[in-house]
Amino acid sequence: MLPINKLMGKKRALLIAVRHVRGLPNFHTTGLADLSWTHRDAINLRGRLIASHGYEAKDVILMLDNQRHPEDLWPTRKNILREMRHLVSDAPEDSQFFLYYSGHGLQEECQDGEEADGKDEEIVAADGKPILDDLIHIRLITPLERVKGSKLFALFDCCHSETLLAAKRWTEHLLEGVDNRPWSSA
């Protein structure tokens with residue numbers, strides 16, 4: 001009999017912690033307070049995933065805005081989007097993915113009219129550039145829609161996090177009794 005982790009697909013995690021945002025007036029990200037515990041929480045979570053949840057260290061990517069951290073893993077907008085793409089790339093069936101973001105979450109006026117409240121949600125990268133919920137959806141959910149049995153658990157420790165995966169359209173289907181979410185266990 002194969003060990004349980006051999007019966008499943010890949011297990012990957014991306015942990016993003018933004019303590020300090022370099023504010024940019026063009027992106028309405030000036031004046032955001034430093035968040036003291038983001039690094040500690042992400043580092044502790046990494047240890048927990050490896051020690052208790054069967055993740056291999058090489059498959060848990062940690063992004064921190066820290067001078068001692070590798071530059072390609074600083075949570076800039078460009079690096080976050082690259083790592084989000086990598087997280088779900090080449091996913092075999094029955095894979096599990098974990099995304100954690102600790103930092104600032106903001107809202108801005110919705111340009112496409114899709115949001116009921118007229119606002120898009122976004123996370124803020126360390127370089128002050130926002131990442132809209134629609135783009136997060138495209139990077140994480142869309143690729144998994146084609147992968148049978150794949151699961152994504154996303155934990156956003158920030159303001160305005162309720163719809164950061166732009167998953168409202170699936171919530172409406174659930175109310176109608178239709179469950180076609182790529183992260184569903186049904």
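**Helices, sheet and cysteines**

Mentor: Helices here are DSSP runs of H or I with at least four residues, strands are runs of E with at least two, and both are numbered from the N terminus. This is a predicted model, so local features need pLDDT of at least 70 and side-chain atom pairs count only at pLDDT 80 or more, while totals for chains, interfaces and linings use all residues. Residues are numbered from 1 along each chain as its sequence is written, and side-chain values use heavy atoms, with hydrogens and water left out.

Trainee: Is Met-84 buried or exposed?

Mentor: Met-84 is buried, at a relative accessible area of 0%. Buried means under 20% relative accessible area, exposed over 50%, and partly exposed in between, using a 1.4 Å probe and protein chains only.

Trainee: What is Met-84 in contact with, leaving aside neighbours within four places in sequence?

Mentor: Met-84 is in contact with Leu-14, Leu-99, Ile-123, Ile-136, Arg-139 and Leu-140. Contact means heavy atoms within 4.5 Å.

Trainee: OK, and at what angle do α3 and α4 pack?

Mentor: About 10°, with the axes of α3 (residues 77-88) and α4 (residues 133-144) 9 Å apart. That makes α3 roughly parallel to α4; the label covers angles under 35 degrees, with over 145 roughly antiparallel, 65 to 115 roughly perpendicular and the rest oblique. Axes are lines fitted to C-alpha atoms, for helices over the stretch in contact, and angles run from 0 to 180 degrees between N-to-C directions.

Trainee: Which residues meet there?

Mentor: On the α3 side they include Leu-81, Met-84 and Leu-87, and on the α4 side Ile-136 and Leu-140 are among them.

Trainee: Switching topic: what's the strand order in the sheet?

Mentor: It's an open sheet of 3 strands, ordered β4-β5-β6 with antiparallel pairing. The edge strands are β4 (105-109) and β6 (130-132), each pairing on one side only. Two strands pair if DSSP finds at least two bridges between them.

Trainee: How many bridges join β4 to β5?

Mentor: 5 bridges, with β5 spanning residues 119-124. Glu-109 has Lys-119 in β5 as its bridge partner.

Trainee: And how many disulfides turn up?

Mentor: 0 in the whole structure. A disulfide is a pair of cysteine sulfur atoms within 2.5 Å.
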